[in-house]
Amino acid sequence: MAIPNDLSIFNTSAPYLTTEIYSNISFAPSAQPCADWPPVPMTTVIPTIYSIICVLGTVVNALAVSVLAHAGTSRRTVANTFMLNLCVSDLLFLLSLPLWAVYYSRGYSWPFGRVACKICGLLHNLNLYASIFFITSMSMDRYLAIVHPLRSQSARDPKRARLTCILVWVLACACSAPTFALRDTHHLKWLDVEACVILYPDHTWYMTLIWMKIVLAFLLPLLIISCCYCAIGRHLLADTGLVRMQNPSHPSSMPSFKSSESQESCGKPERPPTPCVSPSYSGGRPLEGRGLERVLWTVAAVVLAFFLSWFPFHCVTFIDMLKSEGWLDSCWVNWTIHNLTPLTLCLGFSNSAINPVLYCFIGNHFRGRLGSLCKGLCACLKARGEDHSQKRGSFSTRLSSFSRKLSDLKDLAILEPSGPA
């Protein structure tokens with residue numbers, strides 16, 4: 001592979017490790033070492049964190065996929081369709097984490113070859129975009145289901161949800177294609193390792209891809225998610241306050257107008273699968289007390305989990321971009337880029353393990369289906385164990401019968417004369 005003559009940027013996170021290449025000569029970063037800022041032991045800390053995220057994330061996402069994939073036709077809703085695709089995206093990425101853990105433990109030495117380097121980089125970027133796009137789609141679906149339950153019935157169709165999922169995968173692949181093409185193995189002279197790096201043709205490529213990642217994978221989704229859940233919170237609080245004003249003595253005895261409207265629309269035979277109660281209500285009544293508090297806390301948890309998981313990483317990425325422009329250059333800047341980028345990336349990866357907990361395991365229906373699935377699995381294992389024990393018992397019976405027959409034959413041989421007298 002020909003090494004480009006243009007300048008590229010150095011960044012020491014595993015999936016984003018790049019090199020300074022100028023006039024066909026590789027240089028180490030020009031950062032002055034921070035004597036008072038000890039470096040983070042990447043070869044031990046990062047592989048440990050990756051292993052924990054990989055194990056926990058694989059377990060929870062595999063359980064979520066098992067339950068969602070075995071759901072009946074009536075439970076294949078729009079939200080479940082988005083959640084299933086989100087879990088599949090997280091699972092694909094989590095399967096590549098052990099390779100990145102080995103990469104860090106070997107001091108940025110990639111032993112798996114060029115093809116594996118490209119595939120693992122693709123899975124990372126694909127998950128970075130696809131998971132955030134699916135979370136944004138789920139937030140918009142929840143907004144339509146709760147704030148506009150009647151007008152959104154035609155839009156919230158499982159077939160349209162599947163088409164949306166296909167569109168999300170196509171967009172995620174398109175956003176990941178440039179880094180897939182630019183990622184390759186390259187020998188780093190100052191580390192004396194064969195690293196899995198991104199070789200940017202020039203500085204414009206670097207700036208374009210960085211801004212695309214910050215805007216499309218963080219700022220725009222965060223804006224949409226925050227707007228959707230703020231509208232949901234205002235809607236729930238406004239409906240509850242309106243009902244309390246109409247009937248202050250018995251706030252939960254009479255449904256609100258929107259709930260009644262939803263009930264009347266359910267009598268129409270146009271869409272039988274549509275539930276008769278708006279998602280913001282329970283039993284034809286608006287959510288109140290603990291029910292409302294639980295919904296609002298769930299909404300807050302979804303937004304906070306997304307923000308806290310990815311905000312630190314994008315902050316460090318922005319600092320790296322400012323350094324590449326020459327606007328920042330100091331000891332703490334270089335220490336932050338070289339040490340906090342991998343750690344904040346770990347925090348972003350942890351969102352893959354948190355998503356199923358927030359979207360699946362806190363739901364009563366999901367926990368019920370998971371319990372049924374576990375009971376069915378236990379019953380199957382118990383039946384196989386009983387069948388195996390019966391086979392062992394039958395084999396033991398046949399073996400003892402054969403032993404008795406063999407013993408009888410030996411006794412007969414002893415009693416009979418062996419030859420003529």
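Is cysteine 196 buried or exposed? In this predicted model, cysteine 196 is buried, and its relative accessible area is 0%. The report starts from this residue and then moves to the wider packing.

**The disulfide and the hairpin**

The sulfur atoms of cysteine 196 and cysteine 117 lie 1.9 Å apart, and the two residues form a disulfide. The count for the structure comes to one disulfide. The link between cysteine 117 and cysteine 196 is right-handed, with 85° about the S-S bond. Cysteine 117 belongs to helix 4 (residues 114–147) and cysteine 196 to strand 4, so the bond ties together parts that are 79 residues apart in sequence. Cysteine 117 is buried as well, with a relative accessible area of 0%.

Cysteine 120 is buried at 5% relative accessibility, and cysteine 346 is buried at 4%.

Strand 4 covers residues 193–198, and five of its six residues are buried. Its antiparallel partner is strand 3 (residues 183–188), with six bridges between the two. Leucine 188 stands opposite valine 193 of strand 4. Four residues separate the strands of this hairpin, and aspartate 192 in the turn has a positive phi of about 55°.

**Annotated transmembrane spans**

UniProt, in an unreviewed entry, places transmembrane regions at several spans, among them residues 161–182 and 210–232. In the model, residues 161–182 are 100% helix and 0% strand, with end C-alpha atoms 33 Å apart. Residues 210–232 are likewise 100% helix and 0% strand, and their end C-alpha atoms lie 32 Å apart.

**Nonpolar cores**

The largest nonpolar core holds 70 residues, and those with the most contacts inside it are Tyr50, Leu97, Trp310 and Tyr359. Helix 4 gives the most to this core, with 14 residues. A second, separate core has nine residues, including Leu182, Leu209, Ile214 and Met321.

Leaving aside neighbours within four places in sequence, tyrosine 359 is in contact with Met83, Leu86, Ile135, Met138, Arg142, Tyr229 and Val302. Asparagine 355 is found in helix 10 (residues 351–361) and is buried, with a relative accessible area of 2%. With residues up to four places away in sequence not counted, asparagine 355 touches Met83, Leu86, Asp90, Ile135 and Cys360.

**Aromatic pairs**

The structure holds 19 aromatic pairs. Two of them are listed below.

| Pair | Geometry | Centre to centre | Angle between planes |
|---|---|---|---|
| Tryptophan 100 and tryptophan 110 | tilted | 5.1 Å | 50° |
| Tryptophan 310 and phenylalanine 313 | edge-to-face | 6.0 Å | 70° |

Tryptophan 100 lies in helix 3 (residues 97–105), while tryptophan 110 is in the loop between helix 3 and helix 4, so their pairing ties together parts that are ten residues apart in sequence. Tryptophan 100 is buried at 0% relative accessibility, and tryptophan 110 is buried at 4%. By contrast, tryptophan 310 and phenylalanine 313 both belong to helix 8 (residues 289–324), three residues apart, or about one turn of the helix. Both of these residues, tryptophan 310 and phenylalanine 313, are buried.

Trp100 and Trp110 are also part of one aromatic cluster, which includes Tyr50, Phe93, Tyr103 and Phe349.

Conventions: Residues numbered from 1 in each chain as written. Predicted model: local features only at pLDDT ≥ 70, side-chain atom pairs only at ≥ 80, totals over all residues. Heavy atoms only, no water. UniProt positions renumbered as here; feature names shortened; annotations may be inferred. Buried < 20%, exposed > 50% of the residue type's maximum accessible area, 1.4 Å probe, protein only. Pairing = 2+ DSSP bridges. Disulfide = S-S within 2.5 Å. Contact = heavy atoms within 4.5 Å. Core = buried A, V, L, I, M, F, W, Y, C linked by side-chain atoms within 4.5 Å. Phe/Tyr/Trp six-rings, centres within 6.5 Å; stacked < 30°, edge-to-face > 60°.
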